[in-house]
Amino acid sequence: MKLVRRATVGILILLLCLPVLPTALSDAALQRAAVTAKFTSASSEKKIDELLRKMTLEEKVGQLVQYSAGQPTGPGTGRTDYNDMIGKGEIGALFNVTAAREINAYQHLAVERSRLHIPLLFGLDVIHGFRTEFPVPLGLASSWDPDLVEKASRVAAQEASASGIRWTFSPMVDIARDARWGRITEGAGEDPFLGSKLARAYVRGYQGKRLDAPDSIAACPKHYVGYGAAEGGRDYNSVEISEHTLRQYYLPPFHAAIDEGAATLMSAFNSLNGVPSSANPFTLKQILRGEWGFQGIVDSDYTAVAELMPHGIANDGATAARRAFLAGVDMDMVSSLYHDHLAKLVRSGEVPQPAVDEAVRRVLRVKFALGLFEHPYVDETKEAGAMLRPESVALARTAAEESFVLLKNDSMSGKPVLPLSSDAKNLALIGPLADDPGNILGSWGALGRPQDAVTLRAALAERIGAQSVHYAKGAEIIGGSDDEMAEAVRSAEQSDAVIMALGENAGLMTGEASSRAFLGLPGRQQELLEKVVATRKPIVLLIFSGRPLTLPWAFEHVPAVIAAWFPGVQAGPALVRTLFGDANPSGRLVVSWPRSVGQEPLYYNALSTGRPPGDGVDPNEQKYVSRYIDEQNSPQFPFGYGLSYSSFSYGNPSIDKTQLSAKNLNEALQTKVLAQKESLNVSADITNKGNRAGTETVQCYLRLRGTSVAQPVRALSGFQRVTLAPRETKKVSFRLGPEAFAFWNDQQKFAAEPAKVTLWISADSSQGTPAMLEITK
Ligand code: BGC
C-alpha cells in the first residue's frame, strides 16, 4: 500500500517537473508516469486503502473472480448460484449479461446486499459494434483510418454503456501472419506499426475523454501475448517466439494500447516458449508491469487459469490458481479456481497476502476510475434510444465503404467493369451471401441482429428496382443442389452483368475456434463461380470473408473482385454505393493475400534469407535459392495493396537529409524534446490522374542493413490517407523520428545503429522508387 502511495506521489512530482526538466527523464520513465496517471488518483487510492482495511480475505478474493452469467462464450463452469455469491461479495465482475434491466438487478445485489457495497464490473465482447454492427475488425483496419476506428468504437461504447456494460474485451491487437487462423478476422492484420495506431484509436474510442463518463467503457487489449502466432494457424496452439521477435513485432500494439491508457488487459490461452501466457511472469510482470508500468487489471482469458492443467504446468486446480496469480493474472475469468483456492493459498503461505491486496487494488482502481462507486446503475429508460441512432448507422455505412478492398478491375469492351454504369439494369445477383443478413454481420456480433442488417439484395432492389435484379442463390455456403446452380446460370445468361456474393460462413469459419486448413471457397461455390464465368458475362465477385481466401482461378478469370469482408449492418447500401461508384474504394490490405495455403505464414515484413531469389530473374531458372518449386514466393496481393476507381501517380520524391547519426538518434530516443529535432522529412507529390475524386493511402517503408539483428525487407513507418479531386496533386510528407530507425537489437535494447537505409514512399509494400540514406555512428 505504502509503496503504491509513494509511487503515486512520485509520479505527480515527475509530471510537475516535466516542463522544467524535459531532457532529464528517460522516455521509459515518462511513459510509465503517463500510463499510471491515466486511471489512478490520490483520492481513489485513499478510498481503496480504506476498503482494503475492511475487507475479509474472502471478500478480497471475490473481487478477483469473474463469471459469465449469460450466453456462454466458452465451456461452462457448472455454477449458477451467482445471486448468492454476489450477496456474499464473492464475485467482482460478470460478463455476457447484455440488458440494462438484468445488469441493474445484479448490481442491486452487489451494492445493496453485499457487506461493503462494492459494485460489479460488467463486461462483454463488444468487438466491432454493440447493436450497430460495423465491419469486422480486419475490414475496419483495411480502411487504414484511425479516426474512423475511433469513431466506430465510440459508437460501440455509447451503445454498450447504455445497456450497463462498462468493459469490452477489445481490441484484439494480436499480430496475425497466418490466414488459417480464424481469429485473424478480429484484429488489424500483420503489421505492428499500423496495429499500434489502430490499437490506440480503439482505446480512445472506447474509453472516451474520461473513463468515468457514463458512456465510456474500459478497453481490454488482448490476447497477451503471441496468440496470433499459433503454430500451423490452429487456434489455441502453442507458440514459439524469440524475445527479439516478441519485442519488435508482437508487443508494440499492446504497448501502444497500454500507453494510450487501456485500463485492463487479457492474458492469452496459448503457451509462449513453453510457458502459458496466463502464467507467464516474464511477459506479465517484467514487461507489462515492470517496463510499461501498467496499473490496471490483468484478466485471464476464458478458463485460461484452469487450462494450465491441460497445458501441463499444473496438476491440480490449486497449483493452477497459484501459478496464474503469482505470474500476474489478477482476475480469473470463469475457471472458478481463484474462488476455490486463493484464500487457502494465502492462509498456507503459498501466496503472499500483499500480492492479493495489490490485485484487489487494481480491480478497485478500475471500478473507481469508471465512476462505478458513485453511479453503479444504468438508466434503463435511455437504453433503447441509444441503439442504432441514424448517425451511428450512417457511420456504419461509411465504415463499410472504407473497408472494401478493390482487388481487381479489368476492362471489358474497353472500359473497367467497375463502377457499373448508373443506368445499369437487368443484373443477375448470385451467391449465398447476397441475401444473408446474419452472416454479413461477421463473428462476435454482440447484440447485432439480422433484422437490422440490409443485405446486398435488398439494397440493390432498392436502387434499381426488384424487377431488375435476377436473384438466384446458386449454392449454399456449404452444399447446394444442381438445380439451384442451373437456375443461377440461367439468371446470369438472361442478364447484362452478374454480381456474385460468395464466401465464408462467419460463425462457423471465422473467429474463435474456426481455423481452416483450406482457404478456398467452401462447399460448391467454386463450381458455381466457374459455371457462371462460363456464361462470359461481365462479372463482379464480392468476397465475404474473415480472412483472405486463396482463389487463384477467380483472380485469373473474373474481371472485377472486391474483398468485402463482413461489412456489418450497412453491408448492402455500402456495397451498392461502391458498385455504382457513389463511393470510391479506398481500402488497402492489412494482410498479405496468399496464392496458396502452403505459403502461410505469409507477411511482408519478413527477413531476407541468405539466399533470396534474384530480382527479375525467372525463379525457375534458379536453384539453391529460398523458394518453393511449385509456387511463387510473392503473395497474390501484397500488404498495403488496393485499387481505386481513380489512379494515382507518385512524383518528386524528396528527402531532407541523407545522413543521420546513431548517437544523436539514441540521445533523441531518451527525451521527447530532442526526438522532435532528430528526424527526417520525406515527401512525394501524389496526383489523382483519374476523373473522379478518390482517396489514396500513401505508405512509407524503411529497410535497414548492416545491423546487429537482421531487419525486415520492409517495415511500415508511416501512412496517410489523402483525398484528391480529379487531377489534383498534393505533397504528402512524413516526418520520421528516431523510433522509425530504432529496433530491438542483439542486447534486447531499443536503439539505433549505424546502417544503410532504403526508404520508399509507395502505394503498397511491393512498389516504389527507393531512396537511400545512411545512419553513421
Ligand atoms: C476469447 C476471448 C473473449 C472471451 C470472453 C474467449 O474464449 O478467447 O477473446 O474475450 O472468450 O468471451
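**View 1. The shell of residues around the ligand.** By class, the residues around the ligand comprise 7 nonpolar, 2 polar and 5 charged ones, where Ala, Val, Leu, Ile, Met, Phe, Trp, Tyr, Cys and Pro count as nonpolar, Asp, Glu, Lys and Arg as charged, and the others, Gly among them, as polar. The model is a predicted one, in which local features need pLDDT of at least 70 and side-chain atom pairs count only at pLDDT 80 or more, while totals for chains, interfaces and linings use all residues. Residues are numbered from 1 along each chain as its sequence is written, and side-chain values use heavy atoms, with hydrogens and water left out. The ligand is surrounded by 14 residues, of which Thr73, Asp125, Arg183, His223 and Asp301 are the closest; a residue is near a molecule if one of its heavy atoms lies within 4 Å of it.

View 2. A polar side-chain atom of Asp125 is placed 2.5 Å from an oxygen atom of the ligand, and an N or O atom in the side chain of Asp301 is 2.6 Å from a ligand oxygen. For Glu512, the distance from a polar side-chain atom to an oxygen atom of the ligand is 2.8 Å. Taken alone, the ligand exposes 310 Å², and the protein buries 100% of that, with accessible areas taken from the Shrake-Rupley method with a 1.4 Å probe.

View 3. Arg289 belongs to helix H12, residues 281-291, helices being DSSP runs (H or I) of at least four residues and strands DSSP runs (E) of at least two, numbered from the N terminus. With a relative accessibility of 14%, Arg289 counts as buried, a term that means under 20% relative accessible area, whereas exposed means over 50% and partly exposed lies in between (1.4 Å probe, protein chains only). The side chain of Arg289 reaches the backbone oxygen of Phe294 at 3.1 Å.

**View 4. Helix H11 and the glycine after it.** Helix H11 (residues 252-259) is largely enclosed by the rest of the structure, because 6 of its 8 residues are buried. These buried residues are Pro253, Phe254, Ala256, Ala257, Ile258 and Asp259. Gly261, which follows H11, has a positive phi near 110 degrees.

View 5. Asn688 lies in strand S20, residues 680-688, and is buried with a relative accessible area of 0%. Its C-alpha is 6.5 Å from that of Thr729, although Asn688 and Thr729 are 41 residues apart in sequence. Leu660, in strand S19 (residues 659-661), is likewise buried, at 3% relative accessibility, and its C-alpha is separated by 8.3 Å from that of Leu680, 20 residues apart along the chain.

**View 6. Cis peptide bonds in two loops.** The peptide bond from Tyr224 to Val225 is cis, with omega near 5 degrees, and Val225 is in the loop between helix H9 (192-207) and helix H10 (243-250). A cis peptide bond also joins Leu418 and Pro419, with omega about -5 degrees; Pro419 is in the loop between strand S12 (415-416) and strand S13 (427-430).

View 7. Trp144, in the loop between helix H7 (137-141) and helix H8 (146-162), has a positive phi near 50 degrees without being a glycine, and is buried at a relative accessible area of 1%. Leu388, in the loop between helix H17 (383-386) and helix H18 (390-403), has a positive phi of about 50 degrees but is partly exposed, with a relative accessible area of 24%.

Notes: A polar contact is a pair of N or O atoms within 3.5 Å; within protein, one must be able to donate a hydrogen and the other to accept it, and residues adjacent in sequence count only if both atoms are side-chain atoms.
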